[in-house]
Amino acid sequence: MLFSQLVFVCHCNPTCKLGYPIDEIPVYKEDRYYVHFAQNLEFLEAEYFLWSSYGYGLDVTEPCLTKGGPPPIGGQKANLDPFTLNIIKEFANEEIGHLRAIDSIMGSITRPLLNLTSENFEKIFDEAFGYKLEPPFDPYRDSLHYMLSCYIIPYVGMNGYVGMNPNLKGYASKRLVAGLLGTEAQQDAIIRMYLYERANVVVYPYGYTVADFTARISNLRNQLGMCGIKDEGIIVPCELGAENRTETNVISANYYSLAYSRTPPEILRIVYTTGDEHIPGGFYPDGANGKIAREFLKEP
């Protein structure tokens, strides 16, 4: 009897609404600059996941979110097995939600021109291995190739959210970024776990294991970022493992097992694949959009 009354009281008087600081500003102008910078990565993830799983992108699913930006180059449906397809479809729709959330709270930048061609991924993997792979790496070939290509993307966006967090002032900005960061981290963890389960599988026809591929991509991102080790493959030496006790590395994190952070210049050097935040290329042939990214393009 007491239990039923307690349940009744709880249902009648729920406390569910989040409390926010009284008389505080929800979004500062500078907050928008940081979130709009990150939105470039959200556009990349949304379009890549949508095209790979559905065979079309935002221009079909949510054209209003593009703000009139140009359609991506080279997007296509990937040859995914049902299990992987379901994962990527979920990711794709989550990214639509992210873009909608940013637009509703911060306003939105125009979608930048994105290069989703297999040739772009081919160049990245060639650079990671230091020579031209034969046959050329094709992310759309099958599920394993595709998930290896996904290893490149969400992690960098997650690093960016960690890096921008201390610079945000508005309570609504902080709440938005916390939510975005949480989902990006989960997506990255799923990708890493998918690959970790196949760590010793040799990727046909290259003769390298999945673990080798992740290590090479992580090393490349560290080289392009130019700010030390902030990226690790799924198998690492013990000195890079959690508490220096593990070689497994399902989650990439620093000495204290905290997520690595990256600044906008680091991220641009990586996603442009040029190692220079002033020179566009890679996934963004014309550069990223928003005040922060465009300012770098103005500099010599």
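Start by selecting Glu-295 and Lys-298 in this predicted model: the two form a salt bridge, with their closest N and O atoms 3.5 Å apart. Both sit in helix α11 (residues 291–298), three residues apart, which puts about one helical turn between them. Glu-295 is partly exposed at 34% relative accessibility, while Lys-298 is exposed at 65%.

Next, go to Glu-62 and Arg-100, whose closest N and O atoms are 3.1 Å apart. Glu-62 is in the loop between α3 (58–61) and α4 (82–106) and Arg-100 is in helix α4, so this pair ties together parts 38 residues apart in sequence.

Now jump to Arg-262 and Glu-266, which meet in a salt bridge at 2.9 Å, N to O. Is Arg-262 buried or exposed? It's buried, with a relative accessible area of 2%, and Glu-266 is buried at 2% as well. Glu-266 belongs to helix α10. Leaving aside residues up to four places away in sequence, Glu-266 touches Gly-225, Cys-227, Lys-230 and Ser-261.

Follow Gly-225 to helix α9 (residues 210–225), a 16-residue helix reaching 23 Å from first C-alpha to last. Its buried residues include Phe-213, Ile-217 and Leu-220. Just past α9, look at Met-226, with a positive phi of about 65°.

Finish at the surface: Tyr-255, Tyr-256 and Leu-258 make a nonpolar patch with about 410 Å² of accessible area together. Tyr-255 is in the loop between α9 and α10 (264–271).

Note on methods. Residues numbered from 1 in each chain as written. Predicted model: local features only at pLDDT ≥ 70, side-chain atom pairs only at ≥ 80, totals over all residues. Heavy atoms only, no water. Helix = DSSP H or I, 4+ residues; strand = E, 2+ residues; numbered from the N terminus. Expected span 1.5 Å × (residues − 1). Buried < 20%, exposed > 50% of the residue type's maximum accessible area, 1.4 Å probe, protein only. Patch = residues over 30% accessible without salt bridge, like charges linked within 9 Å, V, L, I, M, F, W, Y side chains within 5 Å. Areas by Shrake-Rupley, 256 points an atom, 1.4 Å probe, with all protein chains shown as cover. Salt bridge = Lys/Arg side-chain N within 4 Å of Asp/Glu carboxyl O. Contact = heavy atoms within 4.5 Å.
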